[in-house]
Amino acid sequence: MATSAIGPGFITQTATFTAQLGAAFAFAILVSILIDLAVQMNIWRMITVTGKRAGDLANSALRGSGHVLAVLIIIGGLAFNIGNIAGGGLGLNAMLGIDAKIGGLLTGLLAIGIFLFKKAGRVVDIVVMVLGVGMIAMTIYVAIVSNPPVGDALRQTFLPDTLNFATITTIVGGTVGGYITYAGAHRYLESGLTGPEHVKDVHRASMNGILVTGVMRYVLFLAILGVVASGVALDLSSQAANPAGQAFGIVLGEAGIRIFGFIFWAASITSVIGAAYTSATFMSVFSKRLSGGWPLQLATVAFIVVSLIVYLLIGTAPAALLVFVGGFNGLILPIGLTIFMYIGWFRQRDVLGGYRYPVWLLVLGTLATALTWYMGSQSVVPIFAFLGVGA
């Protein structure tokens with residue numbers, strides 16, 4: 001879940017909103033972490049206690065709701081994947097200077113090759129883990145060197161000068177929206193660690209995943225804030241805009257841009273594979289043949305191909321697209337949450353197999369559900385404005 005969340009959208013959204021809101025973005029990060037915790041702790045627990053994928057679990061409670069959820073997740077996953085391919089294009093542009101569209105094409109084709117050849121995938125996993133550590137180290141270094149106004153950031157973490165619901169909806173969507181909400185839980189099912197006896201491990205894992213992404217976002221926020229606070233205006237809207245890359249380049253120079261581009265590209269290509277695979281697992285509610293094996297692999301490849309074609313056809317700037325997909329999946333999030341809260345409150349005996357669900361966790365989940373519905377209703381127009389719609 002953490003590796004799915006910390007992708008190109010995560011990085012670009014953080015840089016864009018820090019440039020727009022300054023230190024006030026710290027409050028949005030805090031609220032998003034609290035919502036993310038309530039979401040993940042509930043959904044992971046219900047899926048792993050029952051041992052059912054999200055779509056099947058929803059259908060067992062409300063006939064047809066799993067199919068609706070699957071359609072929404074697939075649409076949201078497609079949006080995510082178009083953004084991930086765009087991120088790959090931005091990464092190769094920063095690293096090699098090639099056109100972002102060509103970079104996106106190469107990223108999509110390579111992702112298909114890696115997915116089909118498992119040995120290549122294992123090598124990429126190791127490389128990405130090393131690059132992930134490098135990204136964290138580089139971000140911490142930039143956060144120190146850029147000398148951000150830490151005092152102001154801490155104050156506005158709790159008392160913001162401005163409040164923007166579209167921002168919170170977008171970063172919540174980019175962290176636990178769409179397929180990301182279910183990625184970790186579905187992976188747990190594959191490990192066989194299911195049933196009430198594994199609840200404590202699941203609870204710990206869901207919290208750790210969110211805390212890792214939350215800390216990483218706050219450190220990245222401080223790194224970008226230091227650059228913005230110095231008076232530098234980042235490019236947020238052009239076809240070549242890569243605000244995080246620009247900020248790292250200002251602090252680390254040309255070499256910093258190249259290294260950042262490589263790490264950004266690596267995060268993008270793994271996110272392409274992860275988004276496509278998890279979204280494809282939801283297709284099993286329509287046909288059990290897609291539950292695994294070659295049918296699931298072919299569905300995943302088709303998903304990447306469609307994402308790539310759409311990316312090549314649209315004219316939206318990659319950075320704007322990466323911000324939009326987080327917001328779009330933030331709008332989808334409360335629908336799935338509502339289904340799961342219904343299961344938790346009213347279907348413990350049958351759907352959850354008599355499992356006694358913690359009331360405090362249901363209360364937190366219900367509050368998060370209500371808040372995401374409210375924020376979504378306030379954010380539809382601003383989120384689509386990222387694409388130049390309804391602005």
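Helix α2 passes helix α11 in a right-handed crossing, a crossing being right-handed if the near helix is turned clockwise from the far one by less than a right angle, and left-handed if anticlockwise. The model is predicted, so that local features need pLDDT of at least 70 and side-chain atom pairs count only at pLDDT 80 or more, while totals for chains, interfaces and linings use all residues. Residues are numbered from 1 along each chain as its sequence is written, and side-chain values use heavy atoms, with hydrogens and water left out.

**Helix α2 against helix α11**

- The axes of α2 (residues 8-21) and α11 (residues 199-229) come within 9 Å and cross at roughly 45°, where axes are lines fitted to C-alpha atoms, for helices over the stretch in contact, and angles run from 0 to 180 degrees between N-to-C directions.
- That angle makes α2 oblique to α11, given that angles under 35 degrees count as roughly parallel, over 145 as roughly antiparallel, 65 to 115 as roughly perpendicular and the rest as oblique.
- By class, the contact of α2 with α11 has 10 nonpolar, 4 polar and 1 charged residues (Ala, Val, Leu, Ile, Met, Phe, Trp, Tyr, Cys and Pro count as nonpolar, Asp, Glu, Lys and Arg as charged, and the others, Gly among them, as polar).
- Residues of α2 in this contact include F10, Q13 and T14, and those of α11 include R217, L220 and F221, with contact meaning heavy atoms within 4.5 Å.

**Helix α14 against helix α15**

- Helix α14 (residues 318-346) packs with helix α15 (residues 359-385) at an angle of about 150°, and their axes are 8 Å apart; helices are DSSP runs (H or I, at least four residues), numbered from the N terminus.
- The two helices are therefore roughly antiparallel to each other, and α14 passes α15 in a left-handed crossing.
- The contact of α14 with α15 has 16 nonpolar, 8 polar and no charged residues.
- On the α14 side the residues include P334, L337, T338 and M341, and on the α15 side T369 is one of those that they meet.

**Two residues of helix α15**

- T369, which is placed in α15, counts as buried at 7% relative accessibility (buried means under 20% relative accessible area, exposed over 50%, and partly exposed in between, with a 1.4 Å probe and protein chains only).
- Leaving aside neighbours within four places in sequence, T369 is in contact with P334, L337, T338 and M341.
- A368, also in α15, counts as buried at 6% relative accessibility, and beyond its neighbours within four places in sequence A368 is in contact with I35 and A38.
- The C-alpha atoms of A368 and Q13 are separated by 21 Å, with the two residues 355 residues apart along the chain.

**The largest nonpolar core**

- The largest nonpolar core has 125 residues, of which M46, I47, Y182, F221 and F340 touch the most other members; such a core is a set of buried Ala, Val, Leu, Ile, Met, Phe, Trp, Tyr and Cys residues joined through side-chain atoms within 4.5 Å.
- Helix α3 (residues 25-50) gives the most to this core, with 17 residues.
- Leaving aside neighbours within four places in sequence, I47 has contacts that include Y182, H186, L189 and F340.

**Exposed loop residues**

- N147, in the loop between α7 (118-145) and α8 (150-158), is exposed, with a relative accessible area of 60%.
- N147 has a positive phi of about 55° although it is not a glycine.
- G231, in the loop between α11 and α12 (243-281), is exposed with a relative accessible area of 61%.
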